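Reader: I am new to this one. Please show me the structure, and then let me ask about the words used for it.

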Amino acid sequence: MAHVDAERTKRLVEASLGARHRRERLFQVAGFLATTVGVVFLAIFFWTLIAQGYSAFVQTFVKLDVEFSESELAPAGTLDLQYANFDALARSAFREYFPDVTGRSDRRELNKLLSVGPSYAIRDAIEQNPDLVGTTVSMWVPAAAIVDMLVKENIDRNLPESQRPLTDQQIAWVDRLIERDALDTRFNTALFSNGDSREPELAGIRGALMGSFYMLLITIALAFPIGAAAAVYLEEFAPKNRWSDLIEVNINNLAAVPSIVFGLLGLAVFINWMAIPRSAPLVGGLVLSLLTLPVIIIASRAAIKAVPPSIREAAFGLGASRVQVVFHHVIPLALPGMLNGAIIGMSRALGESAPLLMIGVVAFIVDVPSGFSDPATALPVQIYLWADSPERAFAERTSAAIIVLLGFLLLMNLAAIIMRKRVERQW
Amino acid sequence: MSKKSMSAVWLASIVGGLVTAGDVHAQAGRDYVYIVGSSTVYPFSTVVAERFGRGSDFRTPKVEATGSGGGLKLFCDGIGVDYPDIANSSRAIKASEVANCAANGVDEIIEVKIGYDGIVIANATGAEPIALTRKDIFLALAKHVPGPRDGDLIENPHRTWRDVNPALPNQQIEVLGPPPTSGTRDAFVELAMEGGCQAIDWIKALKSSDGERYKELCHTIREDGAFIEAGENDNLIVQKLEANPAAFGIFGFSFLDQNGEKVQGATVDGSEPTFEAIADGDYPISRPLYFYVKKAHVDVIPGLRGFLREFTSERAWGEEGYLSERGLIPMPDEERSAVAAAVMSLTPLRMARE
């Protein structure tokens with residue numbers, strides 16, 4: 001009897017085996033396709049970003065033999081930086097290459113190829129070393145963005161004249177500079193050392209990076225201790241009743257609230273009520289810490305939950321008090337998980353722009369912030385501002401800023417993964 | 001290790017708290033000019049701010065892009081270092097805003113007209129250039145258009161440009177434009193759409209008899225998909241036009257100026273959107289741009305007077321100034337010198353009582 005049953009089962013299984021295998025293959029193919037689609041989109045995203053942005057890391061420089069003439073800089077015998085005409089020094093050095101350009105309108109066209117950057121560079125040089133007056137110094141200074149775009153072939157020189165920002169004459173001038181080895185492409189240090197600027201060749205992300213840095217400093221200083229303390233209390237000390245359930249539901253809810261809501265809250269509470277200045281990293285940091293608090297609490301609670309009860313029980317068994325159990329045993333074991341949550345929270349805060357829109361961070365700020373209440377912008381907001389600029393050269397700089405932001409996010413997430421792998425414990 | 005790191009974090013937070021408290025105190029005297037307002041004026045205001053900041057011993061002004069209405073609201077909130085010194089606006093200040101300002105103690109405002117901005121209707125280069133009239137624009141984009149008899153209104157039935165005007169190409173109407181929150185949209189509706197309205201006699205007559213209905217008729221843009229709200233980012237519109245040669249886009253002149261090889265402007269009422277045509281007033285869709293200054297802040301906020309001088313100098317807003325390179329259309333000579341004189345003598349705005 002039993003033998004017959006076994007036969008029957010075997011037959012049944014064999015009959016359905018083909019269908020089961022087919023189903024499994026189908027599922028595998030579907031899963032593979034889904035992954036491929038994801039990878040392809042990611043590849044397209046990175047490809048367009050890098051293809052557009054890599055050229056922003058280099059910049060065309062032009063060589064100027066600047067004559068620090070006494071008559072321009074120190075007409076009355078003493079150096080007068082306030083009223084000295086640095087533009088004139090830069091322009092006359094630039095005109096050395098073009099002795100044949102004399103007409104007024106031609107000179108104007110020519111000056112458009114020279115950035116306003118050299119004037120500042122000359123000013124800085126003379127400020128640092130007043131002895132330069134009366135000498136001639138060879139300097140490499142950034143060329144105007146349109147020259148840069150032409151050299152990088154972002155402007156097509158074969159288009160009809162009316163459709164490109166440079167005239168035929170200007171292109172001929174640029175070609176002459178190239179012939180005379182007066183143009184060179186070099187690493188774009190301005191991108192990392194300058195604050196924002198409306199001249200693409202002078203614009204940099206340092207101001208935004210410092211702004212983001214100060215904001216994250218406040219966020220970590222506030223959100224981590226508060227989040228960790230809340231998690232420890234909720235897991236280890238709080239009574240389990242309806243109230244703690246309510247709090248738990250609310251914290252989970254807060255983690256899913258759209259970030260713009262935190263911006264509105266920040267505007268109402270920190271700016272309108274507490275009168276903290278707009279655009280300050282302090283406000284940004286406070287808003288971002290509200291945003292990351294639930295993330296940190298949830299991750300920390302999960303880390304504390306993962307500590308096996310046997311460890312607590314052993315400690316209690318040896319006569320440790322509750323506080324001793326928590327601080328000597330639970331927290332040290334849960335700390336890697338808690339820090340991991342903090343890093344993930346930080347990388348979310350770094351990438352956020354929506355809550356900052358409301359609190360005045362979307363602003364043109366040239367000076368690099370040097371404190372918590374200096375006006376500052378943040379990296380994602382800088383990307384938004386550049387993406388909206390009419391000048392062509394900002395398109396590649398937008399992509400470059402995105403690459404830098406992604407680099408930082410990658411580093412932070414990598415740090416979280418490494419930490420998890422190194423200190424992860426199997427119980 | 002854990003104890004140490006925990007206490008280090010606590011220490012950091014306490015130190016951070018102290019530092020910030022000290023900083024807030026230092027904020028009491030603001031040493032930079034604070035500007036808010038229109039995103040259309042932003043590109044011009046920021047250039048002047050940067051030049052001023054780099055060329056002087058003062059700090060570079062902070063320019064926040066909040067939109068004209070939002071900027072004037074912040075501006076009117078009060079006098080003092082917490083409130084902006086200047087509000088940029090792509091339209092003249094409204095009487096209600098002046099009243100709001102006055103209610104908060106901001107009673108002396110200096111109006112500075114800085115020049116003009118053209119609004120262009122453009123498509124991708126390579127696509128067929130188009131010549132429109134304001135009437136065509138109205139008939140193509142209005143929600144309701146006149147029916148066969150005077151006084152009749154029907155839902156806009158026009159699918160292609162040829163439906164609007166037999167001289168235009170047989171091409172689907174597809175226009176990308178800014179959302180209603182934008183100052184560019186306000187100006188477009190007022191200048192282009194309403195201008196087109198005026199070409200239809202019975203609607204023009206409505207203006208005096210039934211102003212409400214006239215405004216609703218002339219100012220309402222169709223919502224059936226022919227007009228697509230493309231967001232405030234004009235670069236995005238330029239990109240979309242490049243990808244779709246059949247579409248037209250509405251944006252500020254400075255973007256046409258900077259992207260001449262990607263997009264071409266349509267002629268409106270026979271006038272091409274060029275720098276000269278807008279400056280001469282031939283091109284019909286252009287609007288003045290302004291900024292407003294609090295008189296009480298001049299000589300209190302360091303650099304404010306210097307910023308005003310820089311903005312109203314010939315090298316900035318003149319015929320060949322650096323703002324004209326950015327696409328701002330300068331005012332005629334006499335108007336410029338009149339405005340500059342009013343600014344230097346700090347003559348406050350007088351609002352005609354409504």
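Author: What follows is a set of questions about terms and the values behind them.

Author: This is a predicted model, where local features need pLDDT of at least 70, side-chain atom pairs count only at pLDDT 80 or more, and totals for chains, interfaces and linings use all residues. Residues are numbered from 1 along each chain as its sequence is written, chains are lettered from A and ligands numbered from 1 in the order in which they are written, and side-chain values use heavy atoms, with hydrogens and water left out.

Reader: What makes chain A more spread out than a compact globule?

Author: Chain A has 17 helices and 4 strands. Helices (H or I, at least four residues) and strands (E, at least two) are DSSP runs, numbered from the N terminus. The radius of gyration, taken over C-alpha atoms, is set against a globule rule of 2.2 Å times the number of residues to the power 0.38. For 427 residues the rule gives 22 Å; chain A has 31 Å, well over that, so it is more spread out than a compact globule. The C-alpha trace of chain A spans about 110 × 60 × 35 Å along its principal axes.

Reader: Why is A:D175 called partly exposed?

Author: Buried means under 20% relative accessible area, exposed means over 50%, and partly exposed lies in between (1.4 Å probe, protein chains only). A:D175 has 25% relative accessibility, so it counts as partly exposed. Its place is in helix α7 (residues 168-179) of chain A. In chain A, buried residues make up 45% of the 427.

Reader: Which strands does β4(B) pair with?

Author: Two strands pair if DSSP finds at least two bridges between them. β4(B) and β13(B), residues 286-294, have 9 bridges and run antiparallel. There, B:I110 has B:V293 as its bridge partner. With β10(B), residues 248-252, β4(B) has 4 bridges, also antiparallel. With β11(B), residues 263-265, β4(B) has 3 bridges, again antiparallel. Each of these counts meets the rule of at least two, so each is a pair.

Reader: What makes β2 and β3 of chain A edge strands?

Author: The open sheet has 3 strands in the order β2-β1-β3 (chain A), with antiparallel pairing. β2 (136-142) and β3 (183-187) each have a single partner strand, so one side of each has no neighbour in the sheet. The twist averages 40° from one strand to the next. Angles run from 0 to 180 degrees between N-to-C directions, with axes fitted to C-alpha atoms, for helices over the stretch in contact.

Reader: How do you know that helix α5 of chain A packs on the sheet?

Author: Contact means heavy atoms within 4.5 Å. Helix α5 (residues 117-128) touches β1 and β2 of chain A, and its direction makes about 135° with that of β2(A).

Reader: What makes up the interface of chains A and B?

Author: In contact are 48 residues of chain B and 45 residues of chain A. Buried area is the accessible area (1.4 Å probe) that two parts lose on being put together, summed over both. Chain B and chain A bury about 4300 Å² between them, 52% of it on carbon and sulfur atoms. In chain B, B:R54, B:E261 and B:R326 lose the most area to chain A, together 14% of what that side buries.
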